[in-house]
Amino acid sequence: MTRIAAVCGALPPHRYEQREIADALAAMCVPSGVDRGVLDRLHTTSTVRSRYFALPLERYETLGGFGAANDMYIEAALELGERVLRTALAQAGIEAREVDLVISTSVTGIAAPSVEARLAGRVGLRPDVKRVPVFGLGCVAGAAGIARLHDYLEGHPGAVAVLLSTELCSLTLQKTDNSMANLVAGALFGDGAAAVVAVGRARPRHHACRGPAVVATRSRLYPGTDRALGWDIGDHGFRIVLGGDLPDLVRLQVGEEVRAFLAEHDLKPQDVTGWVCHPGGPKVLDALAESLGLPQDALELSRRSLAEVGNLSSASVLHVLRDTLSLRPPPPATPGLLLALGPGLSSELVLLRW
């Protein structure tokens with residue numbers, strides 16, 4: 001059985017209160033037709049209080065086109081990625097040369113060679129390390145990445161595998177896009193990175209490895225929902241696709257998916273002692289809690305993460321997992337569920353044992 005040995009998260013150095021961000025976006029976007037009152041309401045109802053960005057706020061107004069933004073993405077992704085990778089390995093008590101597989105995920109920039117390839121020599125990964133760079137899974141990739149680590153380690157039980165997430169959402173800012181989807185995204189998304197170290201069941205358990213075991217996983221695509229979430233790629237880079245019916249889809253589709261998955265393992269939502277949910281937004285979290293009949297505090301750490309750092313795309317659910325282990329560790333040997341949504345529309349569920 002796969003064991004999560006360490007989870008680490010990192011944030012860039014520039015922290016801003018939500019009001020400061022709203023003021024900066026207003027200066028950039030209101031002249032092109034955005035109603036300031038609408039902007040303020042979106043920033044307030046997002047429940048986000050602060051976020052961290054790769055660049056100082058004043059740099060975004062003068063940042064050039066997609067090429068310049070992507071150059072900054074690579075620079076920031078390497079800095080954050082190296083930091084979380086080194087820290088996670090140290091916390092797990094595992095040397096970089098012991099890593100057999102690295103899955104790296106991001107949906108906010110493009111790099112070839114990919115981020116993990118550029119970091120391999122810097123952190124000491126072996127030249128024969130297996131690499132799987134992933135683009136396109138979006139917010140679901142943190143959960144999907146853990147699931148794919150588990151798939152690999154089930155077939156290679158003596159191996160070590162790492163998931164690396166680097167998301168610089170602020171660098172996808174579309175200053176001339178006045179759509180409601182873009183304004184909502186501007187109120188929600190922040191920058192951050194995370195890394196997970198996992199080991200197979202045949203590897204001797206190190207004293208530092210106190211994370212949960214992965215019991216089972218489930219991936220799901222929901223037909224006819226491809227315009228619910230994603231990117232449109234244009235001359236200026238990534239333009240957000242964010243359907244207003246996303247909370248309804250969660251109520252109608254995802255809640256039932258979660259119940260069915262748990263039932264396969266003779267569990268019900270009330271049996272889960274730790275909910276590790278991607279904090280996509282307050283309405284999505286409300287819909288999930290409502291559809292599953294969860295108690296008020298079940299998604300507290302997801303809501304807290306959203307308030308303190310915003311939505312970090314694929315890195316967010318990994319930050320929530322880290323916070324769960326450090327702040328509210330569930331009782332040993334009880335079930336947990338890690339879940340996230342992404343473009344497709346898709347969901348990824350990971351059953352844990354604490």
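Helices H8 and H9 cross in a right-handed way. This is a predicted model, to be clear. H8 covers residues 246-264 and H9 covers residues 282-292. How are two packed helices described? By the angle between their axes and the distance between the axes. For H8 and H9, the angle is about 40 degrees and the axes are 8 Å apart. That angle is why H8 counts as oblique to H9.

Which residues meet there? On the H8 side they are Leu 246, Pro 247, Val 250, Arg 251, Val 254, Gly 255, Val 258 and Arg 259. On the H9 side they are Lys 283, Val 284, Ala 287, Leu 288, Glu 290, Ser 291 and Leu 292. By type, the contact has nine nonpolar residues, four charged and two polar.

Now the sheet. Nine strands make up an open sheet with mixed pairing. Reading across, the order is S5-S4-S6-S7-S1-S8-S13-S12-S11. At the edges sit S5, residues 130-134, and S11, residues 274-277, and each of them pairs on one side only. From one strand to the next, the twist averages 20 degrees.

S4, residues 101-105, and S6, residues 160-168, run parallel and are joined by five bridges. What is the bridge partner of Val 102 in S6? Val 162.

Last, a helix on the sheet. H4, residues 66-92, lies across S1, S6 and S7. Relative to S1, H4 runs at about 135 degrees. That is my last slide.

Technical notes. Residues numbered from 1 in each chain as written. Predicted model: local features only at pLDDT ≥ 70, side-chain atom pairs only at ≥ 80, totals over all residues. Heavy atoms only, no water. Pairing = 2+ DSSP bridges. Helix = DSSP H or I, 4+ residues; strand = E, 2+ residues; numbered from the N terminus. Axes fitted to C-alpha atoms, helices over the stretch in contact; angles between N-to-C directions. Contact = heavy atoms within 4.5 Å. Parallel < 35°, antiparallel > 145°, perpendicular 65-115°, else oblique. Left-handed = near helix turned anticlockwise from the far one by under 90°. Nonpolar A, V, L, I, M, F, W, Y, C, P; charged D, E, K, R; others polar.
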